[in-house]
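Subject: Structure for you to look at

Hello,

I am passing on the structure we spoke of. Below it are my notes on what was found.

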Amino acid sequence: MEVLQEVGDVLKVLGHPHRLKIVELLEMHQLTVGELAENMNIAPNACSQHLNLMRAHGILSAQRDGKTVHYKVKHPSAHTVIQCIRMNMKKR
């Protein structure tokens with residue numbers, strides 16, 4: 001039951017369009033808050049809130065390089081969720 005709880009928690013966190021987009025953008029390479037916010041056309045502080053929530057749930061990790069923080073996907077199922085969504089959308 002613990003595994004199902006963890007999966008449910010990850011799905012809840014990923015259930016927001018901005019968070020799904022962040023995972024999608026991080027599929028290719030690591031990005032900073034500013035780069036993600038610009039790509040998504042949202043305020044950096046809003047982007048930071050999404051990133052912090054995903055980090056708290058173990059979906060993302062961050063690597064500091066001086067003052068710059070680069071984010072990447074840590075939880076392997078996050079990419080799987082995006083792939084499932086893409087496959088489902090193609091069937092329509």
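A salt bridge here is a side-chain nitrogen of Lys or Arg within 4 Å of a carboxyl oxygen of Asp or Glu. By that rule, a search of the whole structure, which is a predicted model, turns up one salt bridge. Its partners are the side chains of Lys21 and Glu24, with an N to O distance of 3.2 Å. Both residues belong to helix H2, where they sit three residues apart, about one turn of the helix. Lys21 is partly exposed at 33% relative accessibility, and Glu24 is partly exposed at 30%.

The largest nonpolar core holds 24 residues, and Ile22, Leu51 and Met54 have the most contacts inside it. Two or more residues each come from helices H1 (2–14), H2 (17–26), H3 (33–40), H4 (44–56) and H5 (76–90), and from strand E2 (68–73). Beyond its neighbours within four places in sequence, Met54 contacts Val13, Leu14, Arg19, Ile22, Val23, Ile59 and Leu60.

Val3, Val7 and Leu11 make a nonpolar surface patch of about 270 Å². Val7, a residue of helix H1, has a relative accessible area of 42% and is therefore partly exposed.

Leaving out residues up to four places away in sequence, Thr32 touches Thr68, Val69 and His70.

Regards

Key: Residues are numbered from 1 along each chain as its sequence is written. This is a predicted model: local features need pLDDT of at least 70, side-chain atom pairs count only at pLDDT 80 or more; totals for chains, interfaces and linings use all residues. Side-chain values use heavy atoms; hydrogens and water are left out. A nonpolar core is a set of buried Ala, Val, Leu, Ile, Met, Phe, Trp, Tyr and Cys residues joined through side-chain atoms within 4.5 Å. Buried means under 20% relative accessible area, exposed over 50%, partly exposed in between (1.4 Å probe, protein chains only). Helices (H or I, at least four residues) and strands (E, at least two) are DSSP runs, numbered from the N terminus. Contact means heavy atoms within 4.5 Å. Patches are made of residues with over 30% relative accessible area and no salt bridge: like charges are joined within 9 Å, nonpolar side chains (Val, Leu, Ile, Met, Phe, Trp, Tyr) within 5 Å. Accessible areas come from the Shrake-Rupley method with a 1.4 Å probe; for residues, only the protein chains shown count as cover.
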